[in-house]
Amino acid sequence: MKYTIVGRKCTPKESFKDRVDLKLKKVDKLFGGEGTAKVTASVVKNKATVELTVDNDGMFFRSQGTADDMSDALDICVDNMIRQIRKNKTKVSRKLKQGNFEDLIPEEPDEEEIEFEIVRHKTMPVKPQSLEEAILQMNMLGHSFYMFENQESGEINVVYARKNGGYGVLEPLTE
């Protein structure tokens, strides 16, 4: 698995990079050697946060961990990702190579398979708007996200309110 390590407002030490290499070997086994990972480390007020994002054939997995030490935050992050994959093992294995999860993640009898139940289906007209208009519309509706057609690009975008404040925009990646 190819990976990159990014430090935000910090410079990860060589020992952290070695630990990332070791931990990502565990995650790499789940994806059969394919995929790319991005590890983002940041330190704010003596708390280290590590984010791990794995892209495997367009399917994204994301995990985050926070601790006093950057290595501990990485451990939490990797454990969360493995738990997330284990929880959704059957659904994920349909997308990934068949059999990758069978030997590596033991079946736990107390975990139930989660079924997704769609309780509401909604259609809405999508009109061209600027990003600012879309944020205003989202806030007026009291929603945490809003889908709109970006008048600059003509693409369908989603604007959302972030937990830590501010807004985010999801745009389709066209290759």
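Predicted model: local features only at pLDDT ≥ 70, side-chain atom pairs only at ≥ 80, totals over all residues.
Modeller: Residues are numbered from 1 along each chain as its sequence is written, and side-chain values use heavy atoms, with hydrogens and water left out.

Colleague: How many helices and strands are there?

Modeller: The protein has 5 helices and 8 strands. These are DSSP runs, numbered from the N terminus: helices are H or I with at least four residues, strands are E with at least two. From the N terminus, the order is β-α-β-β-β-α-α-α-β-α-β-β-β.

Colleague: What is the accessible surface?

Modeller: About 12200 Å², with 49% of that on carbon and sulfur atoms. The areas come from the Shrake-Rupley method with a 1.4 Å probe; for residues, only the protein chains shown count as cover.

Colleague: Which residues touch the most other members in the largest nonpolar core?

Modeller: Phe-16, Val-50, Leu-52 and Val-54, in a core of 24 residues. A nonpolar core is a set of buried Ala, Val, Leu, Ile, Met, Phe, Trp, Tyr and Cys residues joined through side-chain atoms within 4.5 Å.

Colleague: Which elements supply at least two residues each?

Modeller: Helix 1, strand 2, strand 3, strand 4 (59-67) and helix 2 (70-87). Helix 2 gives the most to this core, 8 residues. Another core, of 6 residues, lies apart from it; among its members are Ile-135, Met-138, Tyr-146 and Phe-148.

Colleague: Back to Leu-52. What does Leu-52 touch?

Modeller: Leaving out residues up to four places away in sequence, Leu-52 touches Leu-24, Ala-37, Lys-38, Val-39, Phe-61, Arg-62, Ser-63, Cys-77, Val-78 and Met-81. Contact here means heavy atoms within 4.5 Å.

Colleague: Now helix 2. What is its reach from first C-alpha to last?

Modeller: Helix 2 has 18 residues and reaches 26 Å, close to the 26 Å expected at 1.5 Å a residue. The expected span is 1.5 Å times one less than the number of residues.

Colleague: Which residues of helix 2 are buried?

Modeller: Met-70, Ala-73, Leu-74, Asp-75, Cys-77, Val-78, Met-81, Ile-82 and Ile-85. An α-helix has 3.6 residues a turn, so residues three or four places apart point the same way.

Colleague: What caps the N-terminal end of helix 2?

Modeller: Asp-69 does, with a side-chain oxygen 3.3 Å from the backbone nitrogen of Ser-71.

Colleague: Is Leu-74 buried or exposed?

Modeller: Leu-74 counts as buried because its relative accessibility is 1%. Leu-74 touches Phe-16, Arg-19, Val-20, Lys-23 and Val-50, not counting residues up to four places away in sequence. Thr-49 is 25 residues from Leu-74 in sequence, and 8.0 Å away in space, C-alpha to C-alpha.

Colleague: Why does Asp-75 count as buried?

Modeller: Asp-75 has 15% relative accessibility, so it counts as buried. A polar contact of 3.5 Å joins its side chain to that of Lys-23. Such a contact is a pair of N or O atoms within 3.5 Å; within protein, one must be able to donate a hydrogen and the other to accept it, and residues adjacent in sequence count only if both atoms are side-chain atoms.

Colleague: Switching to loops. Where is Lys-9?

Modeller: Lys-9 sits in the loop between strand 1 (2-8) and helix 1 (14-30). Its phi is near 60°, positive in a residue other than glycine. Lys-9 is exposed, at 82% relative accessible area.

Colleague: And where does Lys-45 lie?

Modeller: Lys-45 lies in the loop between strand 2 (36-44) and strand 3 (47-56). Lys-45 has a positive phi of about 50° although it is not a glycine. At 78% relative accessibility, Lys-45 counts as exposed.

Definitions and conventions:
Buried < 20%, exposed > 50% of the residue type's maximum accessible area, 1.4 Å probe, protein only.
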